[in-house]
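Here's a quick briefing to read alongside the sequence and the model. Have both open as you go through the topics below.

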Amino acid sequence: MRRLYRSETNKMVAGVLGGLGEYFRIDPTILRLLFVVVLFMSFFTVAIIYLVAAVIIPAEGEIR
C-alpha cells in the first residue's frame, strides 16, 4: 500500500513535491517546474496550498 509522505531524501524546501513525485511515480523535477509556472500565475493561492500541504502531509519517517 502506497502512502503519501513528504520526502526526506528528495526535497528542496519541505519535501512536498518530492513526496508527490514518489507517490505518483513521476520525476519531482516536472512537478517543481509546473509548480513554478502555476506559482507565477497565482502566487497567493499556490503558496497557501503548499504551506498547508507541508503542515498536513507527514514526513517520510513519521508515524501517524
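Let's start with Glu-8, which comes out as partly exposed at a relative accessible area of 41%. Bear in mind that this is a predicted model. Glu-8 pairs up with Lys-11, their side chains meeting in a salt bridge at 3.7 Å, N to O.

**The salt bridge**
- Lys-11, the partner of Glu-8, has a relative accessibility of 40%, so Lys-11 counts as partly exposed too.
- Glu-8 lands in that class because its 41% sits between the 20% and 50% cut-offs.
- The salt bridge count for this model comes to one.

**The largest pocket**
- How much space lies in the largest pocket? It's about 150 Å³.
- Helix H1 (16-24), helix H2 (28-41) and H3 are the elements that each give two or more residues to the pocket's lining.
- The lining is made up of Val-16, Leu-17, Leu-20, Leu-31, Leu-34, Phe-35, Val-38, Val-46, Ile-49, Tyr-50 and Ala-53.
- By type, that lining splits into 11 nonpolar residues, no polar ones and no charged ones.

**The nonpolar surface patch**
- Phe-43, Phe-44, Ile-48, Leu-51, Val-52, Val-55 and Ile-56 form a nonpolar patch on the surface.
- Together, the patch residues have about 760 Å² of accessible area.
- Ile-48, one of the patch residues, lies in helix H3, which covers residues 43-56.
- With a relative accessible area of 40%, Ile-48 is partly exposed, so it clears the over 30% cut-off for patch residues.
- Val-55 is another member of the patch, and helix H3 is where it lies as well.
- Is Val-55 buried or exposed? It's exposed, with a relative accessible area of 62%, because anything over 50% goes in that class.
- Val-55 and Gly-21 are 34 residues apart in sequence, and their C-alpha atoms are 18 Å apart in space.

**Arg-25 and its backbone**
- You'll find Arg-25 in the loop between H1 and H2.
- Arg-25 isn't a glycine, yet its phi is positive, at about 60°.
- Why is that worth a glance? Because most residues other than glycine have a negative phi.

**Ile-57, after H3**
- Ile-57 sits in the segment after H3.
- At 11% relative accessibility, Ile-57 counts as buried, because the cut-off for that class is under 20%.
- Between Ile-57 and Phe-35 there are 17 Å in space, C-alpha to C-alpha, and the two are 22 residues apart in sequence.

How values were computed:
Residues numbered from 1 in each chain as written. Predicted model: local features only at pLDDT ≥ 70, side-chain atom pairs only at ≥ 80, totals over all residues. Heavy atoms only, no water. Patch = residues over 30% accessible without salt bridge, like charges linked within 9 Å, V, L, I, M, F, W, Y side chains within 5 Å. Areas by Shrake-Rupley, 256 points an atom, 1.4 Å probe, with all protein chains shown as cover. Salt bridge = Lys/Arg side-chain N within 4 Å of Asp/Glu carboxyl O. Helix = DSSP H or I, 4+ residues; strand = E, 2+ residues; numbered from the N terminus. Buried < 20%, exposed > 50% of the residue type's maximum accessible area, 1.4 Å probe, protein only. 1 Å grid on protein atoms, 1.4 Å probe; cavity = no way out; pocket = protein on both sides within 12 Å on 5 of 7 lines; lining within 4 Å. Points joined across faces, edges and corners; volume = space filled by probe spheres on them. Nonpolar A, V, L, I, M, F, W, Y, C, P; charged D, E, K, R; others polar.
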